[in-house]
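Please prepare a short report on the pockets and the chain contact of the structure shown here.

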Amino acid sequence: MAGFDKVVSSYEEAMAGLTDNMTIIAGGFGLCGIPENLIKEIKRKGTKGITLVTNNCGIDDFGLGILLPDRQIKKIVASYVGDNAEFERQMMAEELEVVLTPQGTLAEKMRAGGAGIPAFYTATGVGTPVAEGKDVRTFNDREYILEEAITGDFAIVKAWKADRYGNLVFRKTARNFNPMAATAGKITVVEVEEIVEPGELDPDQIHTPGIYVNRLIQGTFEKRIEHRTVRKA
Amino acid sequence: MALSREQLAQRVAQELQDGYYVNLGIGIPTLVANYIPEDIEVMLQSENGLLGMGLFPTEEEIDADLINAGKQTVTMATGASLFDSASSFAMIRGGHVDLTVLGAFEVDVNGNIASYMIPGKLIKGMGGAMDLVAGADNIIVTMTHASKHGVSKLLSNCTLPLTGKGCIKKVLTDLAFIEIKDGKFYLLERAPGVSVEEIIKLTEGELIVSDNVPEMQF
């Protein structure tokens, strides 16, 4: 491998170096835009004690939910944890530490983490359980709480297309948390549907520049749909 | 008669104005999209990263990469734009969304809202609700006025963990349209056929009632 070529040849190689008790930041919203094969590789490796930072934890048998049965996750930072029975069981039994975090604050924590900003003030959560133990400051007659940035030992990301240098393009609402996650990992691993040669993507249309990407792999995706809602043609 | 889910959505839709960017929460608020008046243009924001949400797709149009904040498959309206979650909440937190409609378990006379958690029973998380109530100036809460057992959800003090503090000014229940100001509820409108007495009985927080409270018009 030479220069800026980020492509790795196997999922094993993609997740090499992941060990117990690490923090993983994952892109995705619901089951949309999730790095489904990287998640399967984490399950296969059997890594334990994971602190997981993600909007949701998948469903019982797909997405990040598949890391639950073998108790691989120690702690999760997420905004929404419904729709997953095993998750609820582990949370209620206090086998799993859950830090509920407002969705916008979670996105900003990742963004700030990747951008070298250690903390930021936000009005979100003022006067709620989220504010407990946090510094409160008043700006322009309004209260704000201090939220700290998040970085991960690994970030796992799903994009639509990439060139070999790791420049990424996302598709529709599968973008969601992926661009922020990509910036916030010490090692950022991206799986995509198609890898092209450098120069084939329009530089003006790249969502995430390759500087954030350490490893890149092309996969095939099931793209399961959580709520299939249709109208009559 | 208490309003149906559809009537709640219809009444909220009357508050829409031409050129509004609107975020609709999960449940009843989502139904508001079905009642947007034909003579105005409204753009729906979905906090997972879409401005200009369209109809549900046909079977042929279904795209796993295109969902709304309720994780339902959707389409894009003409003139839609797509963005990441940080940008989406910059819009919300920055006060750029003209109207937010969301559900709640309880609201109180100080504009507090509880909507995301019932300790020991229901712990699903706040999703984007805390950001939405903190960021929006114009919020309509849609909810039932009281529980099935007649316990009021319009309180002097919320009992459940708060989603936001002092941020709610308008509540539409199945019985009444209510404004919150100066630490009191004000009865603006009542559902057709619902008496003022019934609303008073089912409102635990202080309720100010004028001599003539109009019925909602549909």
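## Pockets and interface

H2(B) gives the most residues to the lining of the largest pocket, with three. Helices (H or I, at least four residues) and strands (E, at least two) are DSSP runs, numbered from the N terminus. This is a predicted model, in which local features need pLDDT of at least 70 and side-chain atom pairs count only at pLDDT 80 or more, while totals for chains, interfaces and linings use all residues. Residues are numbered from 1 along each chain as its sequence is written, chains are lettered from A and ligands numbered from 1 in the order in which they are written, and side-chain values use heavy atoms, with hydrogens and water left out.

A pocket, on a 1 Å grid over the protein atoms alone, is an open set of points where a 1.4 Å probe fits, with protein on both sides within 12 Å along at least five of seven lines; lining residues have an atom within 4 Å of a point. Grid points are joined across faces, edges and corners, and a volume is the space filled by probe spheres set on the points.

| Largest | about 930 Å³ | B:Gly25, B:Ile26, B:Gly27, B:Gly103, B:Ser115 |

The lining of the largest pocket has 16 nonpolar, 17 polar and five charged residues. For the second largest pocket the lining has 17 nonpolar, twelve polar and three charged residues. In these classes Ala, Val, Leu, Ile, Met, Phe, Trp, Tyr, Cys and Pro count as nonpolar, Asp, Glu, Lys and Arg as charged, and the others, Gly among them, as polar. E2(B) gives the most to the lining of the second largest pocket, with five residues.

The contact (heavy atoms within 4.5 Å) takes 48 residues from chain B and 51 residues from chain A. About 4100 Å² is buried between the two chains, 59% of it from carbon and sulfur atoms; this buried area is the accessible area (1.4 Å probe) lost on putting the two parts together, summed over both. B:Asp65, B:Lys71 and B:Lys124 supply 19% of the area that chain B buries against chain A, more than any other three residues.

Nine salt bridges cross the interface of chain B and chain A, each a side-chain nitrogen of Lys or Arg within 4 Å of a carboxyl oxygen of Asp or Glu. B:Lys71 forms a salt bridge with A:Glu226, with the closest N and O atoms 3.8 Å apart. On the side of chain B that touches chain A, H3(B) gives the most, with four residues.
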